[in-house]
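Biologist: I have the sequence and the model open. Could you take me through the pockets, please?

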Amino acid sequence: MHLLKNTCCFLLVASAFGANQSQAQDVKGQTPLRFEKKMIASESFESVAVFDVNNDGKLDIVSGSYWYKGPEFFDRAYLGDVKRHGEYWDEFLTVPMDVNGDGKMDIVTGGWFNKSLLWRENPGNDKPWTDHLIDETGNVETGQAWDIDNDGQLEIVPNNPNQPLKFYKLERDQSGKGTGKFTKVQIADKQDHGLGFGDINGDGRGDIIISTGWLEAPKNVMKDKWIAHNDFNFGDASVPIIVADVNGDGKNDVIVGQAHSYGLHWYEQKKDAAGKITWAKHSIDPYTSQFHSLAWVDLDGDGVKELMTGKRYRAHNGGDPGEKDLVGLYYFKWNGEAFVKQIISHGPYGVGKGIGVYFDIADLTGSGRKDIIVAGKDGLAVFFNMGN
């Protein structure tokens, strides 16, 4: 697809795969969103976050060894060394958090090769950031930050395949400021590839979803036993797995991508007369591979969230099914019956833009529209949301 002045014009793909392609209209007569692509750097780090690094009131971009000063994201500063292992940089998540309570945002990150979770301290000047070990967790595939105990503060949940499932709660002083220390809470003996969070059974508590099922949150998530429900077999599932009420029936469903193979699906929650939960599988996109990371976000400002994802470029250095297929970013809009696929970026390397393991969505310009910020082995880019 020819990109004129870096503007990604969308094509509408059929709302159900196997149906004929439609043309220029989105759901309910809406015109699909347009995005303007801006390459920030050719670095091949795979994780990125957006926050105000220097407290000047403007959002900056942080990825790998550098942070890029907003609002132009042209000037960059060295943040610190990230070790390289073959094609990989050993940084697989970037969570902004004021860990030590000094009023400056730090980041929590982790590596597959160093098998650790750590936080990098923002010095507030041009000096390199200092690394502090949180825990030797085992290989960090990536991770997420969720409010596990419903106290209004985020906890860190690393995805450590074949290792115990645990989360890390930042300890805070009486004023609510971070102390630089974390409490570890283990909730299961093992996890696999894939991680999600949301209320499955409608009891008001957030449950944790893994590849082989979901763990029901107890009343006291810090101390009580989590109950395992082995309902799924997702295999190489995405991080995150999305928990959302897709069809509006009052029950939360599950959306999962295959991170290292083909497929993107949603699983409809059903209940029998006795209240037992069952799941009906529905295809969203079976023709694309390496849906490693997902987001559930209102991109078009209509009050209804869309599914945003893409193909991770060279996830296993050329070893995954579909590695040589075209790369891209996409959003999927629910039309009441199925998901409609919209193309944000699609094409060969250098034209289409893939997705890394951890991306961010934020209004970078103050337009009121959410922009998409993605890193990856094919570079760091911003897709500015131009509306519809």
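Biologist: Which strand gives the most to the lining of the largest pocket?
Modeller: That is β25, with four residues. Please bear in mind that this is a predicted model.

Biologist: Which other strands supply at least two residues of that lining?
Modeller: Besides β25 (294-297), at least two lining residues each come from β3 (49-51), β9, β13 (142-146), β21 (242-244) and β29 (360-362).

Biologist: What volume does the largest pocket have?
Modeller: Its volume is about 690 Å³.

Biologist: How many residues line the largest pocket, and which lie nearest its centre?
Modeller: The lining comprises 26 residues. Nearest the centre of the largest pocket are Gln 144, Ala 145, Trp 146, Leu 294 and Ala 295.

Biologist: How do the residues of that lining divide into nonpolar, polar and charged?
Modeller: In the largest pocket, 21 are nonpolar, three are polar and two are charged.

Biologist: Now the second largest pocket. How much space lies in it?
Modeller: The second largest pocket holds about 220 Å³ of space. It is lined by 14 residues, and Lys 83, Asp 90, Asn 114, Leu 118 and Asp 131 are the ones nearest its centre.

Biologist: What classes of residue does the lining of the second largest pocket have?
Modeller: Six of its residues are charged, five are polar and three are nonpolar.

Biologist: And which strand gives the most there?
Modeller: β10 does, with three residues. Both β10 and β11 (116-121) supply at least two residues of the lining of the second largest pocket.

Biologist: A change of topic: what pLDDT does the protein chain average?
Modeller: The average is 93, and 93% of the residues score at least 70.

Biologist: Where is the pLDDT below 50?
Modeller: Residues 1-24 fall below 50. In the model, that stretch has 50 contacts beyond near neighbours in sequence.

Notes: Residues numbered from 1 in each chain as written. Predicted model: local features only at pLDDT ≥ 70, side-chain atom pairs only at ≥ 80, totals over all residues. Heavy atoms only, no water. pLDDT = per-residue confidence, 0-100. Contact = heavy atoms within 4.5 Å. 1 Å grid on protein atoms, 1.4 Å probe; cavity = no way out; pocket = protein on both sides within 12 Å on 5 of 7 lines; lining within 4 Å. Points joined across faces, edges and corners; volume = space filled by probe spheres on them. Nonpolar A, V, L, I, M, F, W, Y, C, P; charged D, E, K, R; others polar.
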